[in-house]
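Q: I have a structure open and would like to learn how to read its features. Can we take them one at a time?

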Amino acid sequence: MRLRQSGQGAYRIGVDSGGTFTDVCALDEESGVFTVWKVSSTPADPSAGIVDAAGSMVSLLSERDGGEPQLSFFGHGTTVGTNALIERRGAPTALVTTAGFRDVLEIARQRRPELYNLQTMRPEPLVPRDLRFEVAERIQFDGSVLLPLNEDEVLRLVSALKQSRVRAIAISFLFSFLNPAHERRVKQILQQELPDVFISVSSDIVPEFREYERTSTVVMNSYLGPLMRAYINRLQDQLKAMVPSRIMITQSNGGLISADVAAAQPVRTVLSGPSAGVVGAVKIAQQIERANLITFDMGGTSADVSIISNFAPRYKSMTNVEGFPIKVPMIDILAVGAGGGSIAHNDHGLLKVGPRSAGANPGPVCYGLGNSEPTVTDANVALGILNQKHLLNGRLPIDAQASRAAIERLGTGFGMGWERAAAGILQVVSANMVNAIRAMTVERGLDPRDFSLFSFGGAGPLHSGYLARELEIAEIVVPAFPGVMCAVGLLTSGMRMDFVRTHYEPLTPRSLEGLERQFKELSELAHGWFDQEAVPSERRNISAAVDLRYAGQAYELTVPVAPAAGATGHDAVVAAFVSAHRERYGYVVDGEAIQITAVRTEAFETLSFPHPVVERPVVEGPITPVEHRDILDIYDMKTVRTPVYQKATLPQEAEIAGPCVIEQMDTTILVLGEQRAVIDRHDNVIISAG
């Protein structure tokens with residue numbers, strides 16, 4: 001890479017690998033200007049699509065700037081772990097655990113996943129019973145040693161592990177979060193005897209109580225470890241000539257970790273895909289002063305919904321993926337199988353859309369790559385909402401007639417024409433997404449009318465008008481680059497690591513003095529991590545939180561706190577818990593004892609870049625559309641002659657009345673009849689309801 005020239009900044013490159021497209025974005029560090037691009041994903045080998053996307057961006061920048069660009073950063077959001085779990089493609093894995101606890105993965109919590117479904121099937125454990133091994137050892141509830149580790153037993157396990165040909169081992173002992181000595185010694189012995197096997201221990205991955213969730217998480221980490229390590233090594237080899245800086249990976253909590261950490265702890269990346277988009281939404285929310293947002297990210301295979309309150313995303317400490325609990329901090333995101341590639345089908349006389357997706361290949365019918373089943377994208381093409389000739393500014397030719405023919409075949413089974421069938425596809429997928437938003441708001445004590453709808457993803461701005469109408473949301477925000485928002489979020493995210501310690505104690509003014517000591521120790525760990533990752537001091541931040549519950553409850557709420565001892569600090573913590581409990585559950589119990597279960601610190605890096613004002617063309621007189629298209633309103637089934645605008649030609653702050661369509665390279669925005677759109681000074685499209 002050539003040295004930086006005067007007036008030209010180094011570039012930060014972010015790549016997000018989706019189910020249909022791989023998005024790439026470059027940020028000039030000096031000017032704050034973004035450059036975006038999209039290429040088709042390569043599901044068989046995601047690294048190929050990422051290298052293709054990075055190469056395309058470098059070529060674009062080289063041609064525009066007149067020389068090879070300097071790259072200071074390369075960030076990547078990956079779905080490798082998620083897909084491996086869904087498809088059960090992880091490595092053969094063994095579990096080493098405390099004697100008597102080999103069946104914890106199957107005993108679990110002794111609850112049916114669906115209370116009233118008598119046919120429900122629990123997923124097979126990632127580690128079969130014959131690969132779960134017991135070792136004589138026992139740590140007590142207070143961290144003391146009841147039974148010393150029998151190292152001879154561990155050595156005898158080696159031959160069985162070799163014969164089983166496992167590629168990964170998970171180690172999870174009872175109460176190891178209080179005293180990890182036994183786990184670490186077993187890891188040391190096994191690493192010496194099995195140097196090529198991936199090994200992880202629960203006290204490193206999840207140093208928290210709840211043995212089932214802790215064991216499940218460390219098993220998942222080992223199950224994904226060899227696959228993720230091979231993927232990252234392959235990606236680094238392919239990119240080393242192009243990217244001189246180290247590769248960073250997005251975590252499920254929205255922050256970044258180095259590729260080496262991601263290879264060692266891949267479970268942190270399992271739900272990382274959509275998290276970067278939420279982080280990017282926070283940055284734009286601060287820029288446009290919208291404190292409360294519902295983020296709606298609709299891509300090719302799924303739609304993801306999250307909540308931003310007071311400029312901050314909401315987090316959770318545990319979730320389930322494919323029936324397996326993961327206990328790592330992550331942004332609270334609800335995903336539904338409703339994307340542009342979601343396939344519409346006849347399910348015993350009912351019209352269903354998704355979760356099956358056409359993906360990148362063959363993709364929607366209009367792509368002409370061999371798919372014959374209509375998708376959501378095909379419905380938008382057939383009804384005239386999407387461009388009838390091409391997408392991606394002409395780089396992706398489409399066949400609108402093929403979309404109509406496929407939908408007509410589907411409609412025949414319902415005794416309806418293609419127009420009604422296409423409208424039905426959009427109505428069904430919109431209902432699925434409305435239900436997802438209600439689950440994240442109404443079912444949690446939030447009123448969606450108190451939020452703006454932040455719409456992104458390649459397909460999000462096509463559907464957000466319908467959702468806002470149904471939910472009575474008064475404002476929609478479409479960011480400048482909605483189709484590559486996760487890649488944009490990657491570039492504005494900093495590094496982040498969460499530290500946690502289990503701590504059982506009633507919440508009293510005196511107990512907060514003990515919390516001070518815990519926070520101090522965790523903060524020292526955080527500063528050590530900052531030093532290890534060479535994060536500049538001016539970018540370092542540490543926040544604190546505590547897990548609280550009413551005495552006797554089974555689950556806790558994580559409440560942010562400002563560490564402070566004494567009665568004042570106690571009253572503030574109680575008030576914060578009461579507020580969080582009332583919002584989540586709709587009630588509080590006055591006078592009930594409150595219990596501390598864990599203390600947490602979050603170490604995170606903050607980045608700052610210029611926010612350039614986008615220069616828009618000056619237009620005198622009426623704004624002229626590039627064309628008109630006949631578009632069917634999916635609810636009143638009337639065709640409307642609708643103007644189509646190119647966003648690049650629209651002036652700033654000019655009000656554009658709906659119905660209309662606004663096209664740009666990475667998305668298409670549909671503005672409904674009662675809505676009006678304005679482009680702000682940062683190139684965001686703000687749509688207000690009638």
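Predicted model: local features only at pLDDT ≥ 70, side-chain atom pairs only at ≥ 80, totals over all residues.

Q: Which residues make the contact of α2 and α7?
A: On the α2 side they are Val80, Gly81, Ala84 and Leu85, and on the α7 side Met220, Tyr223, Leu224, Leu227, Met228 and Tyr231. By class, this contact has nine nonpolar residues, one polar residue and no charged residues.

Q: Which residues of α2 are buried?
A: Val80, Gly81, Thr82, Ala84 and Leu85 of α2 are buried. The cover over the buried residues of α2 includes α1 (46–65), α7 and β17 (319–321).

Q: What follows α2 in the chain?
A: Arginine 88 does, and its phi is positive, near 55 degrees.

Q: Where else is phi positive in a residue that is not a glycine?
A: Two further cases can be given. Phenylalanine 175 has a positive phi of about 60 degrees although it is not a glycine. Phenylalanine 175 sits in the loop between β9 (168–172) and α5 (181–193). Glutamate 289 also is not a glycine and has a positive phi of about 60 degrees. The place of glutamate 289 is the loop between α9 (275–288) and β13 (293–298).

Q: Is glutamate 289 buried or exposed?
A: The reading goes by relative accessibility. Exposed means over 50%. Glutamate 289 has 66%, so it counts as exposed.

Q: How many aromatic pairs are there?
A: For ring pairs, one looks at the distance between centres and the angle between planes. The count comes to seven aromatic pairs. One of them is formed by phenylalanine 175 and phenylalanine 177, with 5.9 Å centre to centre and 50 degrees between the planes, and this pair is tilted. Phenylalanine 175 counts as partly exposed because its relative accessibility is 24%. Phenylalanine 177 counts as buried because its relative accessibility is 15%.

Q: How are the rings of phenylalanine 454 and phenylalanine 456 arranged?
A: The centres of these two rings are 5.7 Å apart and their planes stand at 65 degrees, so the pair is edge-to-face. The cut-off for that class is over 60 degrees. Phenylalanine 454, at 0% relative accessibility, counts as buried. Phenylalanine 456 is buried too, with a relative accessible area of 1%.

Q: At what angle do α12 and α13 cross?
A: The axes of α12 (residues 418–440) and α13 (residues 460–471) come within 10 Å and cross at roughly 60 degrees. That makes α12 oblique to α13. The crossing of α12 and α13 is right-handed. From α12, the contact is made by Leu426, Val429, Ser430, Met433, Val434, Ile437 and Arg438, and from α13 by His463, Tyr466, Leu467, Glu470 and Leu471. The residues of this contact divide into eight nonpolar, two polar and two charged.

Q: Which peptide bonds are cis?
A: Here the value to read is omega. The bond from glycine 354 to proline 355 is cis, with omega near 0 degrees. Proline 355 lies in strand β22 (residues 350–357). The bond from glycine 658 to proline 659 is also cis, with omega near 5 degrees. Proline 659 is found in the loop between β33 (655–657) and β34 (660–664).

Q: What is valine 678 in contact with, leaving aside its neighbours within four places in sequence?
A: With those neighbours set aside, valine 678 is in contact with Glu653, Ala654, Glu655, Asn684, Val685 and Ile686. Valine 678 is in strand β36 (residues 676–679). For a separation in sequence and in space, take valine 678 and proline 651: they are 27 residues apart in sequence and 9.0 Å apart, C-alpha to C-alpha.

How values were computed: Residues numbered from 1 in each chain as written. Heavy atoms only, no water. Axes fitted to C-alpha atoms, helices over the stretch in contact; angles between N-to-C directions. Helix = DSSP H or I, 4+ residues; strand = E, 2+ residues; numbered from the N terminus. Parallel < 35°, antiparallel > 145°, perpendicular 65-115°, else oblique. Left-handed = near helix turned anticlockwise from the far one by under 90°. Contact = heavy atoms within 4.5 Å. Nonpolar A, V, L, I, M, F, W, Y, C, P; charged D, E, K, R; others polar. Phe/Tyr/Trp six-rings, centres within 6.5 Å; stacked < 30°, edge-to-face > 60°. Buried < 20%, exposed > 50% of the residue type's maximum accessible area, 1.4 Å probe, protein only.
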